[in-house]
Amino acid sequence: MNIGITVYPTYGGSGIVGSELGAELAQRGHNVHFISSTLPSRLTELTERIHFHEVEMMTYPLFEHQPYSLALATKMATVARAERLDLLHVHYAIPHSISAILARESIKSKRYLPVITTLHGTDITLVGADRSYLPITKYGLQESDGVTAVSRFLKKATIETFDYDDIEVIPNFICPNHYVRDPESDLRKELADRNETILTHVSNFRSVKRPVDCVEILDRVLKHGAKARLVMVGDGPQRSACEYRAEQLGIKQYITFAGKKANISDYLAVSDIFLLPSELESFGLAALEALACEVPVVASRVGGIPEVVTDNETGYLSDIGDVDKMGEDALRLVNDEDLRTQFGKAGRDSAVSRYSANEIIPRYIEFYERILGARSAAAAERS
Ligand code: GMT
């Protein structure tokens with residue numbers, strides 16, 4: 001198949017999933033055409049099966065804001081015709097599904113270009129549910145040829161908010177070979193002393209991730225005399241709040257702010273416990289990546305996280321903001337290496353058996369084929 005993929009290239013889990021999906025599809029013999037404003041950050045190499053088409057933005061004094069959605073629609077239509085795309089698969093509803101529908105409509109006298117929208121989370125739970133964006137998001141869902149969501153939770157949230165239920169759940173995935181525990185690596189020696197347990201948080205430090213709670217959790221652990229270090233990977237608006245709280249609590253020397261890193265899996269591979277105290281998480285890709293590296297997860301019981309992390313088996317779940325309970329759970333794991341190993345092995349087994357690329361990618365391909373088949377059947381009936 002010739003598949004067009006659009007993602008937000010630099011920010012967030014939807015870009016990661018869309019980019020890695022494209023790479024996996026190319027490995028299985030499909031031609032993938034990424035259409036976005038810049039090269040997606042997780043797309044480390046272009047091959048003869050992976051192509052990138054940059055959306056060109058025109059500036060003009062009259063435009064107070066550049067009309068990116070229109071520029072994207074134009075590029076989608078151009079690429080679809082030039083590369084004979086079989087379908088467009090957009091990640092994150094706003095504005096990508098609207099641009100794709102516009103592209104489809106603009107070329108439909110020449111060829112029909114099916115549009116598949118994958119919902120990732122905040123496009124529905126925050127942005128899409130904002131009254132001002134609700135009608136256009138609903139239109140994007142209704143007019144897409146196929147819609148997928150990354151968790152059962154997100155499907156339910158979409159039904160409740162948009163009264164739209166024709167949604168296939170296809171979860172996030174990992175390549176098991178890319179996420180492998182490696183506690184003896186040099187990175188581990190750089191990050192912590194031998195006797196320190198490493199607690200890790202990875203995010204874009206938006207307030208929805210509640211990264212300051214990680215500082216609170218570390219404080220609870222250190223208060224009990226445990227030897228631990230918090231490694232915070234990523235950057236974003238809440239980073240200074242984390243630094244400020246750490247200073248107030250007098251524990252800044254026990255925290256490493258690693259900043260944005262391309263090699264997230266290297267950090268997870270040397271971690272002992274993963275913290276994800278988010279306010280909302282439609283799936284929790286970072287938690288899945290941690291489990292795949294045999295790292296138990298201490299997280300909020302929210303959104304799709306309980307579908308990924310099994311309480312008391314692969315990690316511990318708590319109410320949002322209950323940093324005392326999360327601190328107790330983290331401390332239990334810090335103090336008991338056998339328990340960490342047991343949870344870690346169970347986490348890896350669960351991640352690989354339920355969420356490996358070999359399980360999930362065929363579900364996307366089967367979904368594409370179903371949408372294309374339905375389209376051909378409808379066209380045959382009309383003629
Ligand atoms: O919130 C983010 O970190 C970005 C957001 C996105 O859509 O880019 O991530 C969402 O998509 C990920 C991939 O499907 C999910 O694993 C995340 O749980 C989800 N984030 C939220 O729902 C807050």
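**Reading the shell around a ligand**

Student: In this predicted model, how many Å separate a polar side-chain atom of Ser 14 from an oxygen atom of the ligand?

Tutor: The distance is 2.8 Å, inside the limit for a polar contact (a pair of N or O atoms within 3.5 Å). This is a predicted model, in which local features need pLDDT of at least 70 and side-chain atom pairs pLDDT 80 or more, while totals for chains, interfaces and linings use all residues. Residues are numbered from 1 along each chain as its sequence is written, and side-chain values use heavy atoms, without hydrogens and water.

Student: Which residues place polar backbone atoms by ligand oxygen atoms?

Tutor: Ser 282 has a backbone N or O atom 2.8 Å from a ligand oxygen, and a polar backbone atom of Phe 283 lies 3.1 Å from a ligand oxygen. The protein covers 96% of the 480 Å² of accessible area (Shrake-Rupley, 1.4 Å probe) that the ligand has on its own.

Student: How many residues surround the ligand, and which are the closest?

Tutor: There are 19 (each with a heavy atom within 4 Å). Ser 14, His 120, Asn 172, Arg 206 and Glu 281 are the closest. By class, the shell has six nonpolar, 10 polar and three charged residues, with Gly counted as polar.

Student: Where in the fold do the shell residues come from?

Tutor: Helix α1 (residues 13–27; a DSSP run of H or I, at least four residues) gives the most, with three residues. Domain 1 (2–173 + 357–382) and domain 2 (176–355) each supply at least three residues to the shell, with bounds taken from an automatic or database domain assignment.

Key:
A polar contact is a pair of N or O atoms within 3.5 Å; within protein, one must be able to donate a hydrogen and the other to accept it, and residues adjacent in sequence count only if both atoms are side-chain atoms. Helices (H or I, at least four residues) and strands (E, at least two) are DSSP runs, numbered from the N terminus.
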